Every structure is written in structure tokens, then in C-alpha cells.
Amino acid sequence: MKLKALCITVSLLTLPGVAFAQGGFGALTKAAGDAGKSAVEKRVNTKLMDEGRQNQCSFKTGTAQLDAGCDAKLKKLTNALVDAKKQLVAAGVKSYKFEVSGHTDSTGDAAKNKKLSEQRAETIVKELIARGIPRGEIIAVGYGSEKPLVKPDDTAAKKAKNRRYELQVRL
């Protein structure tokens, strides 16, 4: 009987330690998972930024209407998003949004530029949706001239670099 009581006492004393160890392991697992997601996010964003730079579509001046000849570029962008989605799913990422951000040069009214950049980003989003990207997975954001690639944009070449859209994933 004393042996049974001793076994029960020992098991009750070690139970909190086991629970703590399991909680600590869970925290380590979560930290490792977060680090893995961060690495996947960085890798996916690097690829999406590269594809976006290589596949820029032109717009008619002062509008959100695409110039002719963008179909092949938009197909490549769609494929890049499909590949990115596969990488995210394989890494166990369940909650994400693809963001298409529009950017302008610094010429003209800042408020009009911001609105135009958002309209252009939305045009790209609509084109990607038409090619199979689900609407719930993609958003359009306009930054106007708030995030230039080059400063100052005082030449035609520098202005052209700042007029762009970018693709990224947001976890």
C-alpha cells in the first residue's frame, strides 16, 4: 500500500514538469514555424519582385488603360503567383494575400498620382483574376510617389523607373 501511495505521489509531482516541458516544446515549434514562414515569405517576395520588374506592362499616359502587348507579361505574372501559392501551401502557410502595388513618379499632383497608381494596380489585379487568381487572394494598393526606387526622379529615365507596379505576398 505504501508503494502505491509513493508511486501516486511521485507521478503527481512530475506531472507539472511534463506539462511545462511540452509547453516549452510547443513554443519552440511555433518559433521554428514562424522562422520557416519568414524564410518562405522572403523567398517568395524576391521571386515576385523579380517577375514584376521583368514583366512591367505600360499604361496609356495619365490613365489606367493598358497599352497593347501585355498578354505574355500578364501570363508570366500569373504563373509566378501560382508558383508562389504552391510554395506557401507546401510551407503550411494558410493565411496570405498577394499585393499588387502601384507607383508613380513625382510629377503632378500627389493626390491624383496616388489615385492613378491605385487604379493601375487594380487594372493588373483584374487581369490576374481573369487569368485564374482568386479575388480573395489578391489586393490592389496605390502608393503614388511615396515609395520611389530612385531619388530624385529628375530625369526621364529615373521617372520611368519609379512608374511601376510590384507584386508581394503578405502573411
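**Figure 1. Salt bridge between Arg164 and Glu166 in the predicted model.** The side chains of Arg164 and Glu166 meet in a salt bridge, with an N to O distance of 2.9 Å. The model shown here and in the other views is predicted. Arg164 has a relative accessible area of 10% and is buried. Glu166 is buried too, with a relative accessible area of 11%. Arg164 is among the residues closest to the centre of the largest pocket.

Figure 2. By the rule applied here, the structure has ten salt bridges. In one of them, the side chains of Arg131 and Glu127 meet at 2.6 Å, N to O. Arg131 is partly exposed, with a relative accessible area of 30%. Glu127 counts as partly exposed as well, at 26% relative accessibility. Salt bridges with shared partners join Asp71, Glu127 and Arg131 into one network.

**Figure 3. Salt bridge between Arg163 and Asp105.** The side chains of Arg163 and Asp105 meet in a salt bridge of 2.7 Å, N to O. Arg163 lies in the loop between α4 (156-162) and β3, and Asp105 in the loop between β1 and α3, so the pair ties together parts that are 58 residues apart in sequence.

**Figure 4. The largest pocket and its lining.** The volume of the largest pocket is about 400 Å³. Its lining is made up of 21 residues. Those closest to the pocket centre are Phe59, His103, Arg120, Arg163 and Arg164. Two of these residues are shown in other views as salt-bridge partners: Arg163 with Asp105, and Arg164 with Glu166. At least two lining residues each come from β1, α3 and β3. The largest share, six residues, is supplied by α3.

**Figure 5. Surroundings of Gly144.** Gly144 sits in the loop between β2 (138-142) and α4. Gly144 is buried, with a relative accessible area of 2%. Apart from neighbours within four places in sequence, the contacts of Gly144 are with Gly102, His103, Thr104, Asn113, Lys114 and Ser117. One of these contact residues, His103, is also among the residues closest to the centre of the largest pocket. The C-alpha atoms of Gly144 and Ala111 are separated by 7.7 Å, and the two residues are 33 residues apart along the chain.

**Figure 6. The disulfide between Cys57 and Cys70.** The structure holds one disulfide, formed by Cys57 and Cys70 with their sulfur atoms 2.4 Å apart. Both Cys57 and Cys70 lie in the loop between α1 and α2, 13 residues apart. Cys57 is buried, with a relative accessible area of 6%. For Cys70, also buried, the relative accessible area is 7%.

**Figure 7. The largest nonpolar core.** This core contains 26 residues. The members that touch the most other members are Leu48, Leu88, Phe98, Val100, Ile124, Leu128 and Ile138. Two or more core residues come from each of α1 (2-54), α2 (71-90), β1 (97-103), α3 (110-130) and β3 (164-170). The largest share, six residues, comes from α2.

**Figure 8. Contacts of Val100.** Val100 is one of the core members that touch the most other members.

**Figure 9. Setting of the close-up views in the chain.** The protein chain has four helices and three strands, in the order α-α-β-α-β-α-β along the sequence. Of its 171 residues, 31% are buried. Among contacts with a separation of 6 or more, 72% are between residues 24 or more positions apart.

Terms used:
Residues numbered from 1 in each chain as written. Predicted model: local features only at pLDDT ≥ 70, side-chain atom pairs only at ≥ 80, totals over all residues. Heavy atoms only, no water. Core = buried A, V, L, I, M, F, W, Y, C linked by side-chain atoms within 4.5 Å. Buried < 20%, exposed > 50% of the residue type's maximum accessible area, 1.4 Å probe, protein only. Disulfide = S-S within 2.5 Å. Salt bridge = Lys/Arg side-chain N within 4 Å of Asp/Glu carboxyl O. 1 Å grid on protein atoms, 1.4 Å probe; cavity = no way out; pocket = protein on both sides within 12 Å on 5 of 7 lines; lining within 4 Å. Points joined across faces, edges and corners; volume = space filled by probe spheres on them. Contact = heavy atoms within 4.5 Å.
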